[in-house]
Amino acid sequence: MLSLLKETRDETLRKTSSLEEYVGTKMKMKPTEQLKAEHDAVKLGLRILSMVCTKLESKERITVEHLDQILEFIKIFTDKYHHGKEEDLLFNVMQSEGIPREAGPIGDTMLYVALMEHYVGRDYIKDLTEALAKYRAGDRTVSSNIIQTARDYLELLTQHIEKEDNILYPMADKYLSEEAWKKLTEEFGIADQEKFGVAKQKEFYQLLDDLRRIYLE
Ligand SMILES: [Fe+2]
Ligand SMILES: [Fe+2]
């Protein structure tokens, strides 16, 4: 059985028994449901990262390769793939359906805030990449830097996901027209099948499954 299923909130996905089935089922879901399912994977990646940081903090030996792999997951799956679908597809469609995207005098719009959080996250990823390069080169003084940056990123993304799950996606569910959903579903299909690729998705889910067994069981 897939270990990552223990983190999956979606009932249909929880019934799948292979990665093929998991990815195939996810791709048939409504765009906002797909994004929510991806949040479960992102949160699992964050929990693994948190566990690696705890080990690093207690001066346990850590496998640098695992940290590299988590960082790769964050850069490619979380940021390029998941945030890419949000920014280039969902947020764009929401904006064209009249949901404002800019900063405002009485408060920034939800879309603006979500975008800004993606940008802040990217700065953390950059810092984490640099610190990890130094660590790999033998500089152990950067450990505290890695731990702090990882925890800042974790905190940012955790509240970001909460906001999207509970405010932003329900806003899309409520206001987008049938036509907009049709367009979004098509574009999500292209992003999944052609731009990112099913094999790449499976690769990352497999990685999460493997790391979950090592760090969370
Ligand atoms: Fe987001
Ligand atoms: Fe998201």
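## Overall fold

Helices here are DSSP runs of H or I with at least four residues, strands are runs of E with at least two, and both are numbered from the N terminus. The model is predicted: local features need pLDDT of at least 70, side-chain atom pairs count only at pLDDT 80 or more, and totals for chains, interfaces and linings use all residues. Residues are numbered from 1 along each chain as its sequence is written, while chains are lettered from A and ligands numbered from 1 in the order in which they are written.

The radius of gyration of the chain is 18 Å, which agrees with the value near 17 Å that a compact globule of 217 residues would have. This radius is taken over C-alpha atoms, and the globule rule is 2.2 Å times the number of residues to the power 0.38. Along the principal axes, the C-alpha trace spans about 55 × 50 × 25 Å.

## Burial and contacts

Of the 217 residues in the chain, 28% are buried. A residue is termed buried if 20 or more other C-beta atoms lie within 10 Å of its own, exposed if 12 or fewer do, and partly exposed in between, with C-beta atoms placed from the backbone. Two residues are in contact if their C-beta atoms, placed from the backbone, lie within 7 Å. Among contacts between residues at least 6 apart in sequence, 73% join residues at least 24 apart.

## Nonpolar cores

A nonpolar core is a set of buried Ala, Val, Leu, Ile, Met, Phe, Trp, Tyr and Cys residues joined through C-beta atoms within 7 Å. The largest such core holds 31 residues, of which L49, I70, L128 and L208 touch the most other members. Two or more residues each are given to this core by α3 (31-57), α4, α5 (110-136), α6 (143-175) and α8 (198-215). Helix α3 supplies the largest share, nine residues. Another core, of 14 residues, lies apart from it and includes M94, A114, A172 and F188.

Beyond its neighbours within four places in sequence, L128 is in contact with L71, I146, T149, A150 and Y153. In soluble globular proteins, nonpolar side chains tend to be buried together.

A37 has its place in helix α3 and is buried, because 20 other C-beta atoms lie within 10 Å. Not counting residues up to four places away in sequence, A37 touches T8, D10, L13, K26 and M29. The C-alpha atoms of A37 and G107, 70 residues apart along the chain, are separated by 29 Å.

The loop between α3 and α4 contains K59 and T63. K59 counts as exposed, with 9 C-beta neighbours inside 10 Å, and its phi is near 60°, a positive value in a residue other than glycine. Most residues other than glycine have a negative phi. T63 is also exposed, with 12 other C-beta atoms within 10 Å. Between T63 and V52, eleven residues apart along the chain, the C-alpha separation is 8.7 Å.

G98 follows α4 and has a positive phi, near 100°.

In helix α5, E117 counts as partly exposed, with 18 C-beta neighbours inside 10 Å. Leaving aside neighbours within four places in sequence, E117 is in contact with L156 and H160. The C-alpha atoms of E117 and H160 are 7.1 Å apart, although 43 residues separate the two along the chain.

## Helix α8

Helix α8 has 18 residues and reaches 26 Å from its first C-alpha to its last, close to the 26 Å expected at 1.5 Å a residue. The expected span is 1.5 Å times one less than the number of residues. The buried residues of α8 are Q201, F204, Y205, L208, L211 and R212. Seen down the helix axis, these residues fall within an arc of 130°, so they line one face of α8; the arc is that of the directions from the helix axis to the C-beta atoms.

The face of α8 turned away from the buried side carries the exposed residues A199 and R213. The cover over the buried residues of α8 includes α2 (19-27), α3, α4 and α7 (178-196).
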